[in-house]
4 protein chains.
Amino acid sequence: MYFASDNCGPALPEVLAALSEANTGYMPSYGNDLLMDEVKARIRDLFEAQDAAVYLVATGTAANALALATITQPWQAIFCAPLAHIQCDECHAPEFFTGGAKLRLVGEGDKISPKALSHAISVLGHGNVHVSQHGPLALSQVTEMGHVYSLAELSALTSLAKQHGQITYMDGARFANAVVSLGCTPAEMSWKAGIDVVSFGGTKNGCIGVEAVIFFDPAKAWEFELRRKRGAHLFSKHRFLSAQMLAYLLDDLWHKSATLANAACARLAEGLRDLPDLVFRNDPQANMIFATLPRATHQRLHEAGAVYFMEGALTGHDADEPLPMRLVCDWSVSDAQIDRFISLAGM
Amino acid sequence: MYFASDNCGPALPEVLAALSEANTGYMPSYGNDLLMDEVKARIRDLFEAQDAAVYLVATGTAANALALATITQPWQAIFCAPLAHIQCDECHAPEFFTGGAKLRLVGEGDKISPKALSHAISVLGHGNVHVSQHGPLALSQVTEMGHVYSLAELSALTSLAKQHGQITYMDGARFANAVVSLGCTPAEMSWKAGIDVVSFGGTKNGCIGVEAVIFFDPAKAWEFELRRKRGAHLFSKHRFLSAQMLAYLLDDLWHKSATLANAACARLAEGLRDLPDLVFRNDPQANMIFATLPRATHQRLHEAGAVYFMEGALTGHDADEPLPMRLVCDWSVSDAQIDRFISLAGM
Amino acid sequence: MYFASDNCGPALPEVLAALSEANTGYMPSYGNDLLMDEVKARIRDLFEAQDAAVYLVATGTAANALALATITQPWQAIFCAPLAHIQCDECHAPEFFTGGAKLRLVGEGDKISPKALSHAISVLGHGNVHVSQHGPLALSQVTEMGHVYSLAELSALTSLAKQHGQITYMDGARFANAVVSLGCTPAEMSWKAGIDVVSFGGTKNGCIGVEAVIFFDPAKAWEFELRRKRGAHLFSKHRFLSAQMLAYLLDDLWHKSATLANAACARLAEGLRDLPDLVFRNDPQANMIFATLPRATHQRLHEAGAVYFMEGALTGHDADEPLPMRLVCDWSVSDAQIDRFISLAGM
Amino acid sequence: MYFASDNCGPALPEVLAALSEANTGYMPSYGNDLLMDEVKARIRDLFEAQDAAVYLVATGTAANALALATITQPWQAIFCAPLAHIQCDECHAPEFFTGGAKLRLVGEGDKISPKALSHAISVLGHGNVHVSQHGPLALSQVTEMGHVYSLAELSALTSLAKQHGQITYMDGARFANAVVSLGCTPAEMSWKAGIDVVSFGGTKNGCIGVEAVIFFDPAKAWEFELRRKRGAHLFSKHRFLSAQMLAYLLDDLWHKSATLANAACARLAEGLRDLPDLVFRNDPQANMIFATLPRATHQRLHEAGAVYFMEGALTGHDADEPLPMRLVCDWSVSDAQIDRFISLAGM
């Protein structure tokens, strides 16, 4: 019963097999491998964007930090949600890679509303040399609380951003889960919705460690290459990044894997929904559940070996006190695990 | 006949197998995997350094830049050879990660002499607020021109450095090749020779992408961890770095692989030595050969499919003009390839 | 009727005279002038801190950014009020000089409460490599909204900060105005109240451009000197900074000037208090007034030549709409100006 | 007998007087003073460049670092002479403000030759992601060893630079001395000779602390303003920078002051030329002399109170050993001082 994170789950067998297949003899290094040519072609097809510049890095933070640094000046503010990964979980990587940009926290929580964005833009004082200037808008899709922006919501935000000269970036660490959730195409959820730069995450969705960074306008492609090398993120044996991504793209493996994760999450949510003591903190939309359970239930689950994030002390006087938890499903979670968890939670 | 770089060769089968073995079920992320505990224990044993702080990153540039940034202030100069990788091949990663330190080029070429170091220290003006202050001494072992510092040479340099308060760093991207060349132990070539921080490279020697950074004094361990995360070099699915390094350590695979590479290089050098037109630019000491051959010989080799770095134009009027080349052997090169190359070069 | 800013007022005659007096013949450069020796001795006496390290820079932003960079690591958060000058008015100078630290906004408005500080400390996650680590606590005294922390308030905050390992910094751009307001000594308002590093501002209080940075613990003095030079803030003809500060210190000129400014502000506040249409946004405690007046009154004042900051449009349909304004008094404002302003506002 | 540095001499009386004149009443802050409008107009006239963007900062290092950062990317190399001030005397300010650019040392000594520049350009490897990319060419005029580039030399260098896409910057800390030496106009020595950005130094030539930075192409003007503020170099009471520069421009005071300094240097060189023990290290071209004198002569000069930079130990066995020295003349040095120095040196 493992629901700690999609970072803790195993890699897909197809991805591991691809590493072995790529391990035949000599190959040019530093991104000049032939596999990367195929990765580029397939991603351009998948995103219906033949001019796009496509790069691979090994961590989600590298994708975010390098992409944002390429589109942000050091005196600009990156507009993001207060709970954005770039704000809460990257130990100042965005500030480091941009050379000192600020993160401007827009509204509350994990999801930005047009109203909050409009307000944030209006109060910043762009054009006044003493203050932060407008930098990009950064959206996480899926958000850090498991929400998925609808296509209409994305378009409303990017439209507003563009009116004020903001470039738009999507942190797509869970891009696949969002596409599955919305039932749309990658193009619809990115450039057709006004996104300029996107990361297409592989790591959380079954790869070992690979993320694609996609610039729909390739004007800054060379700058990104220099930033990637300067950031020590250009792999010498790059073929092993290419091979992961290629396996992930072949036969829509990325989509299948996210479909499994989202379905597991739906099954889990469905089962939990009927429990009298469980309260959802929001409506699960992709592969994450945020809810509360009484302390006693947490104790029972922990004793049975369930692994997940919770807030508050497991031991305490009040057995009925509701304590928050996060449950994340990846492709590998089985129905049996889910059903056992539900059963234990409902005892 | 592939002699372009040890970055272009395949990964060792044991390393690939270890990835699959590591892919069973759930595991804590971000370096908290159990495999990493074993990596730490084995590296501490191998280096006879039970207090050492041990970390993994995926690229050699990350190892260099993060290690150096941890021991260098932005107003200090890192003392290195003019041909050092950190100076010539990392697109300012050291400057970026240190926040603007200078690289102080000591002497000529790829290898630092005590005399040149002594001179560089004397002219720097340490203590004067207008100029660079003394930062660490950085040595590449094997050097970028294939030289190997003897243990006595290392001790002479580090002793001099310590007299002036310099911390010492060894870029060990080819650490294993140097150990094999010297017939010494890892401890002898590192802390026993006065090295404070070392990178123990896996990538060039048969891994997919993994380097260990070892601080013999763990005082700055936590700072390194923060720098690694801030630099986007902390892997979520860290078990796959651990697994590579563990396979590399088991049964002295690192030593066997470097022994193969060095032996291949020796065979190649031996065969080339008798050719009348070949001139060695220096004496091969590990797995790299720097030499010149006439243009016509290069043409013949290229036509036959040989792959390696050369300087100058392959086509040209003067068939006899000697053109420099670099030949690098990795573990995978076969005797047949070597012998064919020698045979073609000697025609 | 000039109430725009204490940055817009003239310099004190004594300060200008001191420049001429300092202009006799040769003098060592870069801070080695004899005048600086006297500055150091007098500041140490004034602050009852004989071990303090004392430096001069020319701008308030330089004082803040260099002092904070000396006590903050790039992965730390500086705790400050949302309206702090370092957050709102310095175009990312703190982020630039620290190499990417975050500003952690504590509570609401311009003044930090112990409760808000305690909350901010508790939620940060110090010790978790993914998030901001605890950096210094930065307080502005006078605050940007004209508040003055009492000595008890300062002690409560610094005591809490020290319990969590935070160094404390006071942005004393208006240090003198606060001392006058509290009727205390500089030592009482700084190290005796738990402040570790303070800027002692001269520019806003009648100098041309000079601020002292004082480290009560001199351990980081040399680092500050290197940072000042690297930041291009070490003056070659430093005697002209020393001369300003020396004049400012002689005969308590700093105290007299702030007394004039605060008294002017009190007279202005007193006169405005009786006006039926005026609403104070807070109680004036030093040399700044934040209040609202009806649009029609603003129009009348502007037509008569009054200069001050206001928010909102001067022209508009609603003559009665209350519009916010800020009034700042410096040493040079005359009673006649004040009385005329009051008279116009009350018509 | 003061020849230590033009940084140690007094300010011009006209400059001091201008500060007092500027100290009348209220004035807008942060560069919006009316005096600055006149400074801009006069500099545009003086440089025959009506579109130029003109800014003031208070230190020469700020001028260099901010100007270079505006025209250099962090992965680029700034081409400069090995003895350039930006390389030797600014404690990494260029690296700090650019975010980690390298200084690429061209040729030997203080002055760049077209041949050396051509070589440096050819070996850099521009376009290869692993190495430094071409950044600007930075020339000091007067150089740090007292040389003055001829107009033809400047044009040859800038022409070569532009062929390779390099922007050109002139460190004009002693711009006036060079103009006097060449007998040319400011325009001829800057944009007409291919210079894109220049600093027009006031501090060394009789101001208190002010340098103009001039961009002949104003495209990056706003970026410079943001960098200046972010670097804490925007003065609140900016009128006192404007006033200095205005006085310096009026009646060609800048030219008169440099003429005095250069004439003093010529008189000193002339007198020293006949001494049998004196050896010039190069031919004095502006206001600096580099020469050697026997130890005994240095001792005699020091005993008599002469102040200047020398290398080597004043006390030593060998009275005849030639020891190098630098003599710098500023506007304030008198003929009597000069003649006495010559007389003492010739005893």
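Predicted model: local features only at pLDDT ≥ 70, side-chain atom pairs only at ≥ 80, totals over all residues.
Between domain 1 of chain A and domain 2 of chain A there are nine residue pairs in polar contact, with both residues at pLDDT 80 or more, where a polar contact is a pair of N or O atoms within 3.5 Å, and within protein one atom must be able to donate a hydrogen and the other to accept it, while residues adjacent in sequence count only if both atoms are side-chain atoms. The elements giving two or more residues to the side of domain 1 of chain A that touches domain 2 of chain A are α8 (175-182) and α10 (239-249) of chain A, helices here being DSSP runs of H or I with at least four residues, numbered from the N terminus. Of these, α8(A) gives the most, with five residues. By class, that side has twelve nonpolar, seven polar and three charged residues, with Ala, Val, Leu, Ile, Met, Phe, Trp, Tyr, Cys and Pro counted as nonpolar, Asp, Glu, Lys and Arg as charged, and the others, Gly among them, as polar.

Residues are numbered from 1 along each chain as its sequence is written, chains are lettered from A and ligands numbered from 1 in the order in which they are written, and side-chain values use heavy atoms, with hydrogens and water left out.

The domain bounds, which come from an automatic or database domain assignment, are 13-251 for domain 1 and 254-345 for domain 2 of chain A. Their centres, taken over C-alpha atoms, are separated by 29 Å, and the contact, meaning heavy atoms within 4.5 Å, takes 22 residues from domain 1 of chain A and 16 residues from domain 2 of chain A. The two domains of chain A bury about 1,700 Å² between them, 57% of it on carbon and sulfur atoms; buried area is the accessible area (1.4 Å probe) that two parts lose on being put together, summed over both. In domain 1 of chain A, Met145(A), Asn177(A) and Val180(A) lose the most area to domain 2 of chain A, together 30% of what that side buries.

Turning to the chains, 49 residues from chain B and 49 residues from chain A make the contact, and about 4,100 Å² is buried between chain B and chain A, of which carbon and sulfur atoms give 62%. On the side of chain B, Tyr26(B), Phe96(B) and Lys237(B) lose the most area to chain A, together 22% of what that side buries. Zero salt bridges are found between chain B and chain A, although the count of residue pairs in polar contact there is 27.

For chains C and D, a rotation of 180° with 0.0 Å of shift along its axis superposes chain D on chain C with an RMSD of 0.0 Å, by least squares on the C-alpha atoms of residues with pLDDT of at least 70 in both copies. That is the relation of a two-fold axis. Among the residues of chain D, Gly231(D) comes closest to the rotation axis, at 3.6 Å for its C-alpha. The interface residues of chain D are, 100% of them, also interface residues in chain C, so the copies meet through the same surface.

Conventions
Salt bridge = Lys/Arg side-chain N within 4 Å of Asp/Glu carboxyl O.
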